[in-house]
Structure formats: structure tokens, C-alpha cells
Amino acid sequence: MLPWKRLLRPLTALLLTAVVAVVPAATAHAAAPSSGWNDYSCKPSATHPRPVVLVHGTFANSTDNWLAFAPYLVDRGYCVFSLDYGQLPGVPLFNALGPIDKSAEQLQVFVDKVLAATGAAKADLVGHSQGGLMPRYYLKFLGGGAKVNTFVGIAPDNHGTTLDGLTNLLPYFPGAEDLLSAATPALADQIVGSAFLTKLNAGGDTVPGVHYTVIATKYDEVVTPYRSQFLTGSDVHNVLLQDLCPVDLSEHAAIGLLDRIAFHEAANALDPAHATPTNCASVFS
């Protein structure tokens, strides 16, 4: 075997490992049922008139990613739904690995299903990691802009990631990018400079009529540099978690899985009319 081929396998393994870190122990909870959400008999209230659709990250699923945040919203009176997307044939439990544009088509179908069940005219979206990126394709190219009021991205890789510079090594290993594209298309789509990201971000980050919020942490080790998560547009609110609470040490996984300070700021974005200041004390809210 040629030397570069011997190095290719560990490099690819490192890339996979870095993104697997987004959702630790996915297999441990994959069978856990959702509680209080994905209730299709739920009807939005006057206080919260739009259902909230939660979009998980790479290697995650509709339950694991939202074991803390979905009940947080349900307790506050929201109708909450979550979907699985991006499945690859023969790969159980781990989702969001397929081509991101195809995953956006799955989101399109799911949002239509939720709107039909709830009778709402529009939905709100909250996504973590890839889940904060993929819906932008739905909003921009699949008509989602007319069906979504607010989109909150928690640690999204809106302009791709370098994985702390690891992806910069790919050109030195002929065939590495082709291997990633073939085996796990979503990973290749999320690398800085990918064809998917070039298409998505051409002509501007946002679409008219949608309110965007991005919540990032400076300790993100998966989406690097962390400021690449932020969007540019006339209706964008970019938030750095440490500006709200300087002692918050959440990294890429924790900010989406269990950080109640991030949850509080996301809830503010969903209901700005009743927003309250987000700070370190929000962990108790």
C-alpha cells in the first residue's frame, strides 16, 4: 500500500471522531422514547402560536439531541416536534450523514406534516450543529422561507469547519475528499469551501421574512473558527454564549445538549415579546 493510503485511513478516522463528538453516547439513548413532544394532537396556543421543529446534528437522532431542550420548551407551553434525517443505508442509529440537500428535502416534508397537524401557518426551527446549517438550504431553495418565522442555530457550521485545521490536511492525501464524499456525504458538505456551502452562501446568508438567531460558544472544538458560525443579514442576531455568561465553559456538544443558558437565549428568540435577560442565573430558569 502506498504511504499516503496508509495515512488516509487514520485521517478519515480522525475526521469522523471529531464530528462524533457532537453527540456522545448516541447508542446509549437511541431507543429512549421522546416524552411530551412529537404529540400530533398538540395545538399551538395564543401565547405560542407556532410549533417548534427541532433539527438534530451529525451522528445524532431526533431523541438524543433533545432530551433536555425539548422538555424545556414543552414545559413552557410549546408544541414541539423533532425529526430524523440524513440516514444512510445499512447505518442504524447514526443520522445526518447523507447529502445535506437531500436532508433538507426530508425537513421540507416534515415541516409540512407538522403544519398540517397543528393547523399553524408557520413553524419555528431550532437546530444544533448540522441542524443549524441544513435548514438554511430548505429556507433558501425549497420554499421554507414562506413557512418559517424564526430559525435558531445552536453551534451551527454556517460557513463550514476546519476541525481545528485538520481539514487543511486533506489536499495532501489524494482521494481523501472523495472517500469522505462517498462514505459520509454530509461530512464532506460541511468542510470549508465545499460545493454545497459555496452554493448555499452565494448571494447572502439569509432569506427575507425569517428571523435568524445564532448561538455560539468560543470553546467550540468542532466548528472552527467559532466565529464562522455567525450569519450576516438584516434580520440576524448573533450571540456568543460567553458574552451572556463569561464562566460558561460549554463546548460544541454541551451547548446543544444541556446548556440552559443557551436554552434560555433560544427561548427568547422564539418569543421575543416576552424575552428576559439571559445571564449566568438563567441556568436556574
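Predicted model: local features only at pLDDT ≥ 70, side-chain atom pairs only at ≥ 80, totals over all residues.
Figure 1. Residues are numbered from 1 along each chain as its sequence is written, and side-chain values use heavy atoms, with hydrogens and water left out. Arg50 forms a salt bridge with Asp124, and their closest N and O atoms are 2.9 Å apart. Here, a salt bridge is a side-chain nitrogen of Lys or Arg within 4 Å of a carboxyl oxygen of Asp or Glu. The pair links distant parts of the chain, 74 residues apart: Arg50 sits in the loop between H2 and S1, and Asp124 in strand S3. Is Asp124 buried or exposed? Asp124 is buried, with a relative accessible area of 1%.

Figure 2. In one of them, the side chains of Glu105 and Lys102 meet at 3.8 Å, N to O. Both residues lie in helix H4, 3 residues apart, which is about one turn of the helix. Glu105 is partly exposed at 36% relative accessible area, and Lys102 is partly exposed at 46%. Now look at Arg136 and Asp205, whose side chains meet in a salt bridge of 3.9 Å, N to O. This pair links distant parts of the chain: Arg136 is in helix H5 and Asp205 is in the loop between H8 and S5, 69 residues apart. Both Arg136 and Asp205 are buried.

**Figure 3. The largest nonpolar core.** A nonpolar core is a set of buried Ala, Val, Leu, Ile, Met, Phe, Trp, Tyr and Cys residues joined through side-chain atoms within 4.5 Å. The largest one has 36 residues, and those with the most contacts inside it are Val53, Leu107, Leu125, Tyr138 and Leu139. Among the elements that each supply at least two residues of this core are S1, strand S2 (80-83), helix H4 (100-118) and strand S3 (123-128). Which element gives the largest share? That is H4, with 7 residues. A second, separate core of 27 residues includes Leu54, Trp66, Phe69 and Ala267.

**Figure 4. Val53 and its neighbours.** Not counting residues up to four places away in sequence, Val53 touches several residues, including Phe81, Leu83, Leu107, Phe110 and Val114. Contact means heavy atoms within 4.5 Å. Asp124, the salt-bridge partner of Arg50, is also among the residues that Val53 touches.

**Figure 5. Gly36 in its loop.** Gly36 lies in the loop between helix H2 (26-29) and strand S1 (52-55). Helices (H or I, at least four residues) and strands (E, at least two) are DSSP runs, numbered from the N terminus. Gly36 is partly exposed, with a relative accessible area of 49%. How many residues separate Gly36 and Phe81 in sequence? The answer is 45, while their C-alpha atoms are 9.4 Å apart in space.

**Figure 6. The whole chain for orientation.** The chain has 11 helices and 6 strands. Buried residues make up 53% of its 285 residues. Among contacts between residues at least 6 apart in sequence, 76% join residues at least 24 apart.

Key. Buried < 20%, exposed > 50% of the residue type's maximum accessible area, 1.4 Å probe, protein only.
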